[in-house]
Amino acid sequence: MKLSVNLDKNSYPIYIENGILSKCGNYLPQVFRGRRIMIVSDDNVFPIYGETLLSSLKEYECHTLVLPHGEPTKNFQSLPRIYSALLEAKLSRSDLVIALGGGVIGDLAGFAAASYLRGISLVQIPTSLLAQVDSSVGGKVAVDLPQGKNLVGAFFQPKMVLIDPSVLDTLPPRFINDGMGEVIKYGCIKDASLFETLCSHSSFAGLKDELPSVIARCVDIKRIVVEADQFDTGERMLLNFGHTLAHTIEQYYHYKRESHGEAVGIGMYQITKMAENKGLTAKGCAEKIKKALDIYGLPSSCGLSVSKLTEAIRLDKKNLNGNLNLILLHDIGDSYICASDVTFFEGQNSIWIC
């Protein structure tokens with residue numbers, strides 16, 4: 001399946017196909033005429049899929065950089081290591097970076113590509129469900145700071161995205177669950193039918209036969225939203241449903257407890273519960289979200305009161321001049337932007353049941 005993100009000179013194709021990783025070299029000539037390639041990956045992914053990718057790229061001069069896996073790697077201190085590897089391999093602006101991995105590698109390698117020599121071509125090959133349905137598409141690249149997640153970043157569109165659903169077979173269950181947090185998000189914000197499909201199963205195993213079409217639907221929703229709002233000033237904010245709380249939860253625990261998708265699940269459920277209590281969301285939405293989270297093994301609480309997260313929320317990059325554009329639901333499949341501030345979360349301790 002082929003989808004196209006239409007952004008004028010920044011347009012690019014997305015291919016979704018089982019086994020496409022082994023055919024990467026057949027697709028690159030569409031967007032790349034250079035000779036040198038730097039593959040950036042991590043120590044979980046590269047031992048499994050590195051040789052498959054390299055075998056498909058024998059016509060190119062390939063270099064590799066394998067980084068430690070996990071969110072702590074996505075920090076400012078990792079960038080010099082990537083820049084040094086690019087310089088040692090003598091990559092020029094006519095060459096290419098391939099990000100082979102999950103969201104951490106995609107964001108980190110993407111930011112390095114955006115900033116090295118003021119921009120070098122990038123291809124995303126996401127290997128986690130979360131990255132396949134969300135972070136590999138749309139051009140957001142970033143690194144974390146101690147004060148918060150994704151606080152240094154850029155908008156830098158890839159030249160191509162290659163999605164191979166078959167690589168998910170080697171993911172541990174927690175990483176599948178992690179990706180399902182973002183899948184559920186897409187149903188919540190834009191597609192009640194997708195949400196109903198997710199809730200019609202009793203586990204991920206039951207959904208697996210439909211997974212390629214589910215991935216394609218999520219990617220298509222993101223494509224449509226990004227085309228309408230490339231730089232995140234309007235409709236694209238809807239993609240942040242659950243993320244204001246999610247990012248603060250991740251940061252509070254120094255990215256060592258809840259994964260991103262788990263934190264998003266908590267954020268979606270808790271903010272919807274708050275919105276219901278304020279009359280801003282139809283009654284029953286939060287429980288529907290909790291049902292979906294339960295099916296796919298995701299948490300709905302984290303053991304913290306909102307008061308402990310308020311200071312981190314104040315530092316969130318979406319907190320502009322003291323104002324927060326919160327993403328809420330009218331109902332499942334119908335989201336909207338609610339202009340508010342951090343006081344939305346205050347006095348919520350009795351609602352935040354953990």
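A hairpin joins β7 to β8 through two residues; strands here are DSSP runs (E, at least two residues) and helices are DSSP runs (H or I, at least four residues), numbered from the N terminus. This is a predicted model, in which local features need pLDDT of at least 70, side-chain atom pairs count only at pLDDT 80 or more, and totals for chains, interfaces and linings use all residues. Residues are numbered from 1 along each chain as its sequence is written, and side-chain values use heavy atoms, with hydrogens and water left out.

**Hairpin**
- Strands β7 (residues 140-145) and β8 (residues 148-155) run antiparallel and are joined by five bridges.
- Val141 has Ala154 of β8 as its bridge partner.

**Open sheet**
- Seven strands form an open sheet with mixed pairing, in the order β1-β2-β9-β6-β5-β3-β4; two strands pair if DSSP finds at least two bridges between them.
- β1 (2-5) and β4 (61-67) stand at the edges with a single partner strand each, so one side of each has no neighbour in the sheet.
- β1 and β2 (residues 12-16) run antiparallel with four bridges, and Ser4 stands opposite Pro13 in β2.

**Lys159**
- Lys159 lies in the loop between β8 and β9 (160-163).
- Its relative accessible area is 35%, so Lys159 is partly exposed (buried is under 20%, exposed over 50%, partly exposed in between; 1.4 Å probe, protein chains only).
- Not counting residues up to four places away in sequence, Lys159 touches Tyr12, Pro13, Val31, Ser121 and Leu122, contact meaning heavy atoms within 4.5 Å.
- Gly139 is 20 residues from Lys159 in sequence and 9.9 Å away in space, C-alpha to C-alpha.
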